[in-house]
Amino acid sequence: MIKIAPSLLSADFAHLADEVKKITDAGAEYVHIDVMDGTFVPNITIGSPVVKSLRKVSDAVFDVHLMVEHPETQIESFAEAGADIITFHVEAARHSHRVIQQIHAAGCKAGIALNPGTSLAMIEELVGDVDMVLCMTVNPGFGGQKFIASQLEKIHMLYHNLKDLGLDCDIEVDGGINAETSKLVREAGANVLVAGSAIYGSDDVAKAIKEIRG
């Protein structure tokens, strides 16, 4: 089943509760929450207090994407705030397996993310322990970037690797996803699609979600 995860990075931050309601009413399964620290990526976005406030007004799946250094220091606060899935970057963690254990111990599903320049070999020993792998199809840190088509082969390889291992693990993609590129990543094996400007920039959010879902 294809799941749509609109990114709050492209939402109106002055009306975040309404922006969450808009996408969930339009059929989105997840709310993708990009957390940036100004160090791992250049920008700074939101922290766990904002997630806690949004949790009070929505029962959607909160898909928290930590684009931060030292992700292990953030797990408990985001879990307590109401995150359902916490994804961290393999490039940012010194002890990735320990972070996965920490996320599960906090009662959340665990995801691990790969930047475009990071090989699948970096997570070879980890895929059996995570619930989701996030393949970035842009370099993280900014919304509205152009889709990096070379990542399709990585998604395809990951899909077949997981299948060969008999693992029930979601493949999420994030970056430059719209009605056209979503078809490519779905064909490559992805089943959780993050889209920001293609959804929040649309005059008809429900239609945009439907087109991305395919």
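Two strands are said to pair if DSSP finds at least two bridges between them. In this predicted model, strand β2 (residues 30-36) and strand β3 run parallel and are joined by seven bridges. One of the residues involved is Met36, whose bridge partner in β3 is Met67.

Strand β3 itself spans residues 61-67. Six of its seven residues are buried, so the strand is largely enclosed by the rest of the structure. A residue is called buried when its relative accessible area is under 20%.

Most residues other than glycine have a negative phi. His70, however, has a positive phi, near 50°. With a relative accessible area of 48%, His70 is partly exposed, because that term covers values between under 20% (buried) and over 50% (exposed).

Another loop, between β5 (109-114) and β6 (132-136), holds Thr118. Is Thr118 buried or exposed? Its relative accessible area is 10%, so Thr118 is buried. Thr118 and Lys154 are 36 residues apart in sequence, and their C-alpha atoms are 9.8 Å apart in space.

Further along, Asp204 lies in the loop between α7 (197-200) and α8 (205-213). Asp204 is partly exposed, with a relative accessible area of 38%. Together with Glu180, Asp203 and Glu211, Asp204 forms a negative surface patch.

Key: Residues numbered from 1 in each chain as written. Predicted model: local features only at pLDDT ≥ 70, side-chain atom pairs only at ≥ 80, totals over all residues. Heavy atoms only, no water. Patch = residues over 30% accessible without salt bridge, like charges linked within 9 Å, V, L, I, M, F, W, Y side chains within 5 Å. Areas by Shrake-Rupley, 256 points an atom, 1.4 Å probe, with all protein chains shown as cover. Salt bridge = Lys/Arg side-chain N within 4 Å of Asp/Glu carboxyl O. Lys, Arg positive; Asp, Glu negative; His and termini not counted. Charge placed at Lys NZ, Arg CZ, Asp CG, Glu CD. Helix = DSSP H or I, 4+ residues; strand = E, 2+ residues; numbered from the N terminus. Buried < 20%, exposed > 50% of the residue type's maximum accessible area, 1.4 Å probe, protein only.
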